[in-house]
Amino acid sequence: MLQFSFEVGILAIFGHLDAKYKEELNKNYSIVEKGYNSFPTNLPGTAYYKAMVARRKLNQILREIISERKEKKTVEKDLLCHLLNFKDEKGKNLTEDQIADNVIGVLFAAQDTTASALTWILKYLSDDQKLLETVKAEQRTIYESNGGKKPLTWAQTRNMSLTYRVIFSA
Ligand SMILES: *[C@@H]1O[C@H](CO)[C@@H](O)[C@H](O)[C@H]1NC(C)=O
Ligand SMILES: *[C@@H]1O[C@H](CO)[C@@H](O)[C@H](O)[C@H]1NC(C)=O
Ligand SMILES: *[C@@H]1O[C@H](CO)[C@@H](O)[C@H](O)[C@H]1NC(C)=O
């Protein structure tokens, strides 16, 4: 579930992201996560120290992604693009560090909460086979109506009444 919500988070933030960057982000990110609640000692070898190093690596990776994105000059509908184009009242843009902080914050916030909610939903569903089958049938109908190829539309995600009831009661 953690991996799955990481993928979804990456997709929402970056749209399509090169596998190389995804891997580097994922690895450095899990080091940060491990050291996140550890005792703050700045001695090499401690979880805290490793987390601080990995946190700086995350910024480096993000800076690379940002500079590539700027070169390409493509307009995407993802969070990174919104942050890159953001201007405050005075017309000032965000610095790259501010953008990196925002992205890492969102990734952190989205991953743990989403993963634990998903885990409970799956547990709840596997305890109730009849409900599980009805949810699967609802999802299958939508999947098949897209010929198994077309991506989900926004309207379709709003039209999963049974799935929604399960998510909200979990
Ligand atoms: C962390 O990111 C750097 C790039 O800044 C990369 O070279 C390194 O392999 C990553 N660390 C791990 C453990 O993957
Ligand atoms: C913000 O604007 C300055 C000046 O136009 C530019 O040099 C800088 O690269 C911009 N920052 C980002 C993150 O786009
Ligand atoms: C919503 O779902 C119902 C029942 O599955 C279906 O008949 C209807 O066409 C769907 N509407 C949209 C907008 O997908």
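I take buried to mean under 20% relative accessible area, exposed over 50%, and partly exposed in between, with a 1.4 Å probe and protein chains only. By that scale I noted R55 as partly exposed, with a relative accessible area of 24%.

The model I am reading is predicted, and local features need pLDDT of at least 70, side-chain atom pairs count only at pLDDT 80 or more, while totals for chains, interfaces and linings use all residues. Residues are numbered from 1 along each chain as its sequence is written, and side-chain values use heavy atoms, with hydrogens and water left out.

**Salt bridges**

I searched the whole structure for salt bridges (a side-chain nitrogen of Lys or Arg within 4 Å of a carboxyl oxygen of Asp or Glu) and found eight. One of them joins the side chains of D101 and R55 at 2.8 Å, N to O. D101 sits in helix α5 (residues 96–126) and R55 in helix α3 (residues 47–72), so this pair ties together parts that are 46 residues apart in sequence; I take helices as DSSP runs of H or I, at least four residues, numbered from the N terminus. D101 is partly exposed, at 42% relative accessibility.

I also looked up E96 and K70, whose side chains meet in a salt bridge at 3.1 Å, N to O.

**Domains**

The domain assignment, automatic or from a database, gives domain 1 (2–126) and domain 2 (128–170). Between these I counted zero salt bridges, although four residues of domain 1 are in contact with nine of domain 2, contact meaning heavy atoms within 4.5 Å.

Definitions and conventions
Chains are lettered from A and ligands numbered from 1 in the order in which they are written. Helices (H or I, at least four residues) and strands (E, at least two) are DSSP runs, numbered from the N terminus.
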